[in-house]
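Please look at the ligand site and the strand pairing in the entry below. A short report follows the display.

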Amino acid sequence: MIKFICAKDYDEMSRRAANVISAQLIEKADSVLGLATGSTPIGLYNCLAERCAMGDLDFSKVTTVNLDEYKGLTHDNDQSYYYFMNKNLFSKINIDPANTNVPDGTIEDPEEACAKYEAIIAATGGIDLQLLGIGHNGHIGFNEPADVFPKLTNCVDLTESTINANARFFASIEDVPTQAYTMGIQTIMNAKKILLVANGAGKAEILKKSFFGDITPQVPASVLQLHPDVTVVGDEEAFALIKDLI
Ligand code: GLP
């Protein structure tokens, strides 16, 4: 089942999404959270950090597994997702760094990197709540439009559209890595609950395609229609084309 929560703006979207994660942690203090990067969840992470600082949220028993990482970027590279997560969340909450996991982009051999990450996820006992953003082409994690749904953690060649979209974070487009390690679609679908966040008019079209269009690997997020427990939190702009359908 898909629940849609329409917030009026980015701040409200961030708080509402933080409510979903808060509820999860209240219900199960030792939850395994699947986390995402990108600009969309930053407000949500700030909100979680504030609630933790106030003593309203406790991450001491939480384990996290991130969706993806650029291949080739070291942990101290400020564009790596490892760096992003430490900067935007882990350094601001009472989580044990040993319980945080991001695919290791420094492992050269894709087979080794992906198998290692699947083993890490399996060792957590399974993801309770997976947070997702969504790419303009419907990618989740870094699973790009393809002929088949990639099942497990895999190494992807990033599409031109994703490289262009993410170039804004790098000094020049040539610096954007062309490959990434990402959880697969089955890895994501195995999570007990999914929380997807989207804001801005740029995401309106893809939200409609993903949740009201055909289920196809050409729109990777469309597979979420088959998941039993999905919550989509977006702002009014992102929901512009689906507000009459929900
Ligand atoms: C990247 C990440 C995705 C993210 C997407 C959208 O490609 N790998 O996990 O959902 O960007 O990013 P943004 O939230 O900045 O629009």
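The report takes the ligand and its surroundings, then the strands.

This is a predicted model, in which local features need pLDDT of at least 70, side-chain atom pairs count only at pLDDT 80 or more, and totals for chains, interfaces and linings use all residues. Residues are numbered from 1 along each chain as its sequence is written, and side-chain values use heavy atoms, with hydrogens and water left out.

**Ligand site**

The ligand sits in the largest pocket. A pocket here is an open set of points on a 1 Å grid over the protein atoms alone, where a 1.4 Å probe fits, with protein on both sides within 12 Å along at least five of seven lines. To sit in it, a molecule needs more than half of its atoms within 2 Å of its grid points.

The ligand is surrounded by 13 residues. Each has a heavy atom within 4 Å of it. Ser39, Thr40, Asp68, His139 and Lys203 are the closest. The shell has three charged, seven polar and three nonpolar residues, with Gly counted as polar.

| Residue | Protein atom | Ligand atom | Distance |
|---|---|---|---|
| Lys203 | polar side-chain atom | oxygen | 2.6 Å |
| Arg168 | polar side-chain atom | oxygen | 3.1 Å |
| Gly141 | backbone N or O | nitrogen | 3.3 Å |

On its own, the ligand has 390 Å² of accessible area, and the protein covers 95% of that. Accessible areas come from the Shrake-Rupley method with a 1.4 Å probe.

**Strands**

Strands are DSSP runs of E of at least two residues, numbered from the N terminus. Two of them pair if DSSP finds at least two bridges between them.

Seven strands form an open sheet with parallel pairing, in the order β1-β10-β9-β6-β2-β3-β5. Its edge strands are β1 (2-7) and β5 (100-101), each pairing on one side only. Two bridges link β3 (residues 63-66) to β5 in the parallel sense. Val65 faces Asn101 in β5 there.

Strand β8 (residues 179-182) runs antiparallel to β4 (residues 68-70), with three bridges between them. Tyr70 is opposite Ala180 in β8. Strand β7 (residues 154-157) also pairs with β8, antiparallel over four bridges. Here Cys155 is opposite Tyr181.

How values were computed
Polar contact = N/O pair within 3.5 Å; in protein donor to acceptor, adjacent residues only side chain to side chain. 1 Å grid on protein atoms, 1.4 Å probe; cavity = no way out; pocket = protein on both sides within 12 Å on 5 of 7 lines; lining within 4 Å.
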